[in-house]
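Let's take a walk through a protein model together, one stop at a time. Keep the structure open beside you and find each residue as we get to it.

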Amino acid sequence: MPFKNLKTKFLGKNVIEFEEIDSTQLEVFRRIDKQKIESGTLIMASMQTNRETEHMEENGIQCKMII
């Protein structure tokens, strides 16, 4: 989901979305390790299931931004 009206030079220009993921923070580290992430990337998830515990369902979004 690109943010069409975003008026920044690089923050949020690259968005990676997941319906469900173990952890947005762990995903950031996985992508850093593989060198597959750009500055300004926003990683979002509708639900996180880290440590077999459900976090933030339907009514929330979890996210991390790489600066």
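Glutamine 35 counts as exposed because its relative accessibility is 71%. Here, exposed means over 50% relative accessible area, buried means under 20%, and partly exposed is in between, all with a 1.4 Å probe and with protein chains only. You'll find glutamine 35 in the loop between H1 and strand S2 (42-48). Those labels come from DSSP runs numbered from the N terminus: a helix is a run of H or I with at least four residues, and a strand is a run of E with at least two. For background, most residues other than glycine have a negative phi.

Before going further, a word on where this comes from. This is a predicted model, so residues are numbered from 1 along each chain as its sequence is written, local features need pLDDT of at least 70, side-chain atom pairs count only at pLDDT 80 or more, and totals for chains, interfaces and linings use all residues. Side-chain values use heavy atoms, with hydrogens and water left out.Now zoom out. The predictor's confidence in each residue is called pLDDT, on a scale from 0 to 100. The chain averages a pLDDT of 77, and 69% of the residues score at least 70. Where is confidence lowest, and where is it highest? It is lowest in strand S3 (residues 62-65), with a mean of 63, and highest in H1, at 91.

How much of the chain is tucked away? Of its 67 residues, 27% are buried. The chain exposes about 5200 Å², and carbon and sulfur atoms supply 49% of that. Accessible areas like this one come from the Shrake-Rupley method with a 1.4 Å probe, and for residues only the protein chains shown count as cover. Next come contacts, meaning heavy atoms within 4.5 Å. Take the contacts between residues at least 6 apart in sequence: 55% of them join residues at least 24 apart.

Glycine 12 gives you a pair of residues to look at. This glycine lies in the segment before strand S1 (15-21), and it counts as buried because its relative accessibility is 4%. Glycine 12 and threonine 41 are 29 residues apart in sequence, yet their C-alpha atoms are 5.5 Å apart in space.

Let's move on to serine 23, in the loop between S1 and H1. With a relative accessibility of 7%, serine 23 counts as buried. Its side chain reaches the backbone nitrogen of leucine 26 at 3.1 Å. If you leave aside neighbours within four places in sequence, serine 23 is in contact with Arg30, Gln48 and Asn50.

In general, side chains of opposite charge can pair when their charged atoms come close. The rule for a salt bridge is a side-chain nitrogen of Lys or Arg within 4 Å of a carboxyl oxygen of Asp or Glu, and by this rule the count comes to three. One of them joins arginine 30 to aspartate 22, with the closest N and O atoms 2.8 Å apart. Aspartate 22 is partly exposed because its relative accessibility is 26%, and arginine 30 is partly exposed too, at 31%.

Arginine 30 also forms a salt bridge with glutamate 27, where the closest N and O atoms are 2.9 Å apart. Both of these residues lie in helix H1, three residues apart, which is about one turn of the helix. Is glutamate 27 buried or exposed? It is buried, because its relative accessible area is 10%. Arginine 31 meets glutamate 27 in a salt bridge as well, at 2.6 Å from N to O. These two also lie in helix H1, four residues apart, again about one turn. Through shared partners, the salt bridges join Asp22, Glu27, Arg30 and Arg31 into one network.

Our last stop is a nonpolar patch on the surface, formed by Leu26, Phe29 and Ile32, with about 250 Å² of accessible area together. Patches are made of residues with over 30% relative accessible area and no salt bridge; like charges are joined within 9 Å, and nonpolar side chains (Val, Leu, Ile, Met, Phe, Trp, Tyr) within 5 Å. Isoleucine 32 sits in helix H1 (residues 24-33), and it counts as partly exposed because its relative accessibility is 40%.

Methods: Polar contact = N/O pair within 3.5 Å; in protein donor to acceptor, adjacent residues only side chain to side chain.
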